[in-house]
Amino acid sequence: MNINFRFLLGGVAVWLFPQSVAAQCAETDCLKLGYTSLQKCDGGLKCPFGEYWACSQKQCDASYQYTCTGSNEQPGTDKCGDKYKSCNCASGYEWKDGKCQTKGTVLGQCTGYAKNCKIGQILNSDGTCSNDKVSGKNPIGVVVVINGNCGWAMTAHAIKKNIKWSTKKVNTGTFQSDEFMTAFKDFNVSRNMTKIIQSGNSNTYPAAWAAVNYAPTTAPETKGKWTLPTAGILSRMSNYLSSIDRAISKLGGTQLMQDNEHIWSSSESSYKDAWHFCVSMSGSAYGGIDYSSKDQYRDLVVRPVIEF
């Protein structure tokens with residue numbers, strides 16, 4: 001109710017009258033005079049004839065803009081008038097950018113969201129997966145491996161070409177085995193990368209540092225979360241090249257099936273060699289991977305992956 005304050009000089013009395021009620025000196029009914037609240041309110045006036053209060057209507061600022069009536073939306077807790085500052089979302093959705101959106105993953109971590117994705121889909125910067133490019137979403141990679149509840153997406157193109165794994169032939173403490181059947185089992189991306197980075201700088205270990213320093217322009221917050229894939233990831237993805245290449249094409253990248261690129265892994269074969277992706281005759285014999293001297297660089301590239 002809109003309140004019109006009238007101040008009458010009558011001793012020390014200050015009376016409040018609503019617009020709809022004409023001034024009547026004999027009126028003592030608080031409700032008729034516009035005092036409608038039984039609770040005290042800040043900035044309000046107390047009825048001189050009872051325990052009621054007249055409270056001015058709360059003014060809503062611009063942050064109260066949502067009706068919370070959209071798909072998968074529910075009324076929020078911070079309300080002013082008939083608008084809310086934000087809305088609660090149905091299960092599987094989160095409040096983001098002013099609407100309830102499908103809840104994605106935390107990029108750079110295994111949160112279990114990968115079970116909602118498939119190899120050959122596109123991973124977007126909001127952590128969701130899609131079959132094709134989606135308007136309003138920024139693709140950052142192609143899903144190449146899902147192992148249990150964890151997944152990895154790879155860039156659609158090499159971020160560095162003709163690059164060495166290292167300039168030193170030493171053991172870094174990463175996974176190491178010259179048996180390809182054992183190398184298949186290496187999925188410990190974070191441990192491998194930590195060991196390599198701790199072993200030297202970008203001059204000594206250029207491939208690993210190229211991955212660490214990478215971030216797509218549409219997702220700069222992912223810098224430091226990209227890594228070299230392991231031998232296990234590279235070997236596993238060789239079984240799904242058709243699906244992966246189709247997704248790479250959708251993003252305008254370079255396909256892998258024709259053995260166009262040999263992608264460095266973070267897994268060592270020995271103190272002097274490291275595993276890389278390869279689908280040529282030699283790679284086929286080793287399940288999609290082969291190894292080269294760490295200081296070789298021709299046709300050896302960095303295509304980092306990000307966990308989700």
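**Close-up 1. Lining of the largest pocket in the predicted model.** Asp97, Gln101, Asp126, Gly136 and Lys137 lie nearest the centre of the largest pocket, among the 13 residues that line it. A pocket is an open set of points on a 1 Å grid over the protein atoms alone, where a 1.4 Å probe fits, with protein on both sides within 12 Å along at least five of seven lines; lining residues have an atom within 4 Å of a point. The volume, the space filled by probe spheres set on the points, is about 230 Å³. Strand E10 (residues 99–102) contributes 3 residues, the most to this lining. Strands (E, at least two residues) and helices (H or I, at least four) are DSSP runs numbered from the N terminus. The lining comprises 7 polar, 5 charged and 1 nonpolar residues. Residues are numbered from 1 along each chain as its sequence is written. In this predicted model, local features need pLDDT of at least 70 and side-chain atom pairs count only at pLDDT 80 or more, while totals for chains, interfaces and linings use all residues; side-chain values use heavy atoms, leaving out hydrogens and water.

**Close-up 2. The second largest pocket.** This pocket holds about 200 Å³ of space. Its lining includes Lys133, Pro139, His157, Tyr214 and Leu251. By class, 6 lining residues are nonpolar, 5 polar and 1 charged.

Close-up 3. Val189, Asn192, Met193 and Ile196 of helix H2 (residues 189–199) are buried, meaning under 20% relative accessible area, with exposed being over 50% and partly exposed in between (1.4 Å probe, protein chains only). Seen down the axis of H2, the buried residues fall within an arc of 95°, so they line one face of the helix; the arc is that of the directions from the helix axis to the C-beta atoms. Ser190 and Gln198 are exposed on the face turned away from the buried side. The buried residues pack against elements including strand E14 (150–154) and helix H3 (206–212), where contact means heavy atoms within 4.5 Å.

**Close-up 4. Disulfides of the model.** The whole structure has 6 disulfides, each a pair of cysteine sulfur atoms within 2.5 Å. The sulfur atoms of Cys89 and Cys100 are 2.2 Å apart. This pair links strand E8 to strand E10, 11 residues apart, and both cysteines are buried. In another disulfide, the sulfur atoms of Cys110 and Cys150 are 2.0 Å apart. Cys110 lies in the loop between E10 and strand E11 (122–124) and Cys150 in strand E14, so the pair ties together parts that are 40 residues apart in sequence.

Definitions and conventions:
Nonpolar A, V, L, I, M, F, W, Y, C, P; charged D, E, K, R; others polar.
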